Amino acid sequence: MKRFSGKAVFHGIAIGKIQRLKKKETNVFRNHIEDVEQEIARAEKAVTETEEQLKKLYDKALREVGESGAAIFEVHQMMLQDQDYQESIQNIIRTQQVNAEYAVAITADNFSDMFAQMEDAYMKERAADVKDISERLIRVLSAEEKEDLDTEGATIIVADDLSPSETVQMDKSKVKSFVTRYGSSNSHTAILARTMNVPALIGVAYEDDIDGMTAVVDGFKGELIVEPDADVLAEYEKKAAEEAEKQKLLQELKGKETVTQSGKQIRLYANIGGISDLQAVMQNDAAGIGLFRSEFLYLEKDDYPTEDEQFKVYRSVAETMAGKKVIIRTLDIGADKQIGYFGLDKEDNPAMGYRAIRICLTRIDIFKTQLRALYRASAYGNIGIMFPMIISVNEVKRIKEIVEEVKQELKENGIAYGEVELGVMIETPAAVMVSEELAKEVDFFSIGTNDLTQYTLAIDRQNAKLDDFYDAHHPAILRMIRMVVENGHKGGAWVGICGELGADLELTDEFVEMGIDELSVSPSCILPIRKKIRDHQ
Ligand code: PEP
Ligand code: MG
């Protein structure tokens, strides 16, 4: 028995036979070409054929693993169509009078080196993608058969690294786990494993001669156990059976719609604090992100995060969610979330003090930096922005003016941005009372029941001594939610809940009856709520 440790990128237990995947080398030779234009035409034809292959792979991945797993093949198509990439191939053919295969190989090396040297983790990952598309292009040019990945009888796939095209061609019904020597938590192997709901380990320094051996993958401890002893095997067989039982019930709901028996669709989104929560979002099959608490970006740092730093995070979330809605809440600090470098004065009553949108509307520089980052990221996905602690229509009008200024500035600088839905959080009784007017100003409402309860019941949410007075189901709160839904709809805004109450299974039926459009909850609450909604008559 031998144990190899690594980093688990998706939990679970797998037991099976190892199949070691080795890359088939494609040899590329440098040949002198007389007719350069004909060679360029041959390269162009191969690009078109490769695009066709990628489209087919996208459709296959979409059917098998859903949108998030398939998105990479769209990225590959875009990379293949990239003008710089294609011009590089043509330039090399023309200036060096060489064959297209060789020009593609050199371009692949240059581009992947360039990506590998980038600071941004997402861009670094693209180095492997350039190699992947280039290998495909070379295979098309040399009219080679497509790679033949024989995963017959395979269960635990062990490889140095796996490219998206390799993973998508596997027979998923046989694969129980992925183990790679390289790769990162953001690699496609990791994303695919999460989507396929199989344990995966990265960074495992396994020995080369393990092909065909029986092994256990412990995706909790991050261990690959090769040729386990009988008692270790028995222990893991028991664990795997227990795990399977737990997952079975809920997993059946993955990929299913969140729709009541009478056909009403509810958008079931997830709340996150940062990129590290995305794994749980995928794992639990959220239809989008309903609350990204952006202040965590500020809390993690010793100084204001720059526009670029923020942009990278928002873009990464938008891209990972691959077209699904991502609602990012603008900075909500003050009260329980204090940040030293903001230099805020000590207040007697911080919960009712200088916080959230009040800071943003007085420190416009900070607000605009965040809005610029958000609008830039909107070119990469489906972003919505919402504003916390709103009490009046005037605040919203002022926010919209600032948003317009930001858009104008971006336009003047030739920076792209997409369509962005704007919403307000309904967290104060004042916002509830003016919700009909507010609805005319925005696309959506998201009810922050944590603060709404604190301000309505006059109970400090931080004060544990008041727990006995705290009634989460207080009729005042439930009536307010009903009122907000009605007023929102009257004014043309859709209405969701992103406070903790949204995940209260005792209230799900009532929320549905009220006509709520969206619930945004912690990722682990998604599947139990989906079940409740699907059972709703
Ligand atoms: C809320 O107040 O309900 C909310 C979602 O925001 P936070 O908990 O971050 O204040
Ligand atoms: Mg709040």
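**Terms and values**

Author: R355 and D332 are both buried, where buried means under 20% relative accessible area, exposed over 50% and partly exposed in between (1.4 Å probe, protein chains only). This is a predicted model, in which local features need pLDDT of at least 70, side-chain atom pairs count only at pLDDT 80 or more, and totals for chains, interfaces and linings use all residues. Residues are numbered from 1 along each chain as written, chains are lettered from A and ligands numbered from 1 in the order written, and side-chain values use heavy atoms, without hydrogens and water.

Reader: What makes R355 and D332 a salt bridge?

Author: A salt bridge is a side-chain nitrogen of Lys or Arg within 4 Å of a carboxyl oxygen of Asp or Glu. The N to O distance for R355 and D332 is 3.2 Å, so the pair qualifies.

Reader: Why is D332 called buried?

Author: Its relative accessibility is 2%, and the limit is under 20%, so D332 counts as buried.

Reader: How do you know that D535 is partly exposed?

Author: The relative accessible area of D535 is 44%, which lies between 20% and 50%. K531, at 36%, is also partly exposed. D535 and K531 form a salt bridge, with the closest N and O atoms 3.2 Å apart.
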